[in-house]
Amino acid sequence: MQDLARVDEIIRTYEGERTPLIYILKDVQNEYGYLSDVVLTEVAKKVDIPLSEIYGVATFYSLFTTKPKGKYIIRCCNNASCHVNNSKEVLQKIREYLGLEMNETTSCGTFTLELTSCLGLCAVAPVMMINDEVYGNLTPEKAVAILKDYKMKGQANA
Ligand code: FES
């Protein structure tokens with residue numbers, strides 16, 4: 001059972017604001033990692049907005065997720081510069097190595113795979129980010145070697 005006490009505390013920090021729902025959801029997601037059904041139901045109850053409306057906001061904006069994400073979020077760029085520098089092959093190799101489609105999370109909860117728009121690092125394309133770390137000049141082999149390091153790190157910290 002999820003502890004929902006923080007939902008109430010977060011909502012209280014926005015009391016008196018005009019349209020705080022998006023800020024509330026952002027803070028709640030930061031607190032709980034994602035917006036579960038239970039958490040969204042609690043938000044709807046506390047702010048007195050229909051749950052369907054809350055779901056509408058939570059599923060419309062890409063910054064929100066209603067599913068748990070992995071410990072390491074891999075964001076692969078496939079925009080123009082990365083694309084012409086073989087990001088497609090890099091991405092394919094990552095998908096094969098992890099056994100994931102886009103926006104999926106490994107069953108062990110270690111990795112989530114996503115696409116991202118240009119990271120502003122086209123000079124070192126193709127590029128991926130893992131959480132806050134950036135990796136450029138990728139090849140399929142280099143990308144897998146990086147993921148192997150993260151896998152070991154994830155197991156060591158488990
Ligand atoms: S296009 Fe990928 S970093 Fe710019």
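D48 sits in the loop that links α3 (37-47) to α4 (51-60), where helices (H or I, at least four residues) and strands (E, at least two) are DSSP runs numbered from the N terminus. The model is predicted, so to speak of local features takes pLDDT of at least 70 and side-chain atom pairs count only at pLDDT 80 or more, while totals for chains, interfaces and linings use all residues. Residue numbers start from 1 along each chain as its sequence is written.

**Backbone points to check**

- Most residues other than glycine have a negative phi, and most peptide bonds are trans.
- D48, which is not a glycine, has a positive phi of about 60 degrees.
- D48 is exposed, with 6 other C-beta atoms within 10 Å; exposed stands for 12 or fewer such atoms, buried for 20 or more, and partly exposed for values in between, with C-beta atoms placed from the backbone.
- N86, also not a glycine, has a positive phi of about 75 degrees.
- The loop between α5 (80-84) and α6 (87-98) holds N86, which is partly exposed, with 15 other C-beta atoms within 10 Å.
- A cis peptide bond, with omega about 0 degrees, joins A125 and P126, and P126 belongs to the loop between β2 (111-116) and β3 (128-130).
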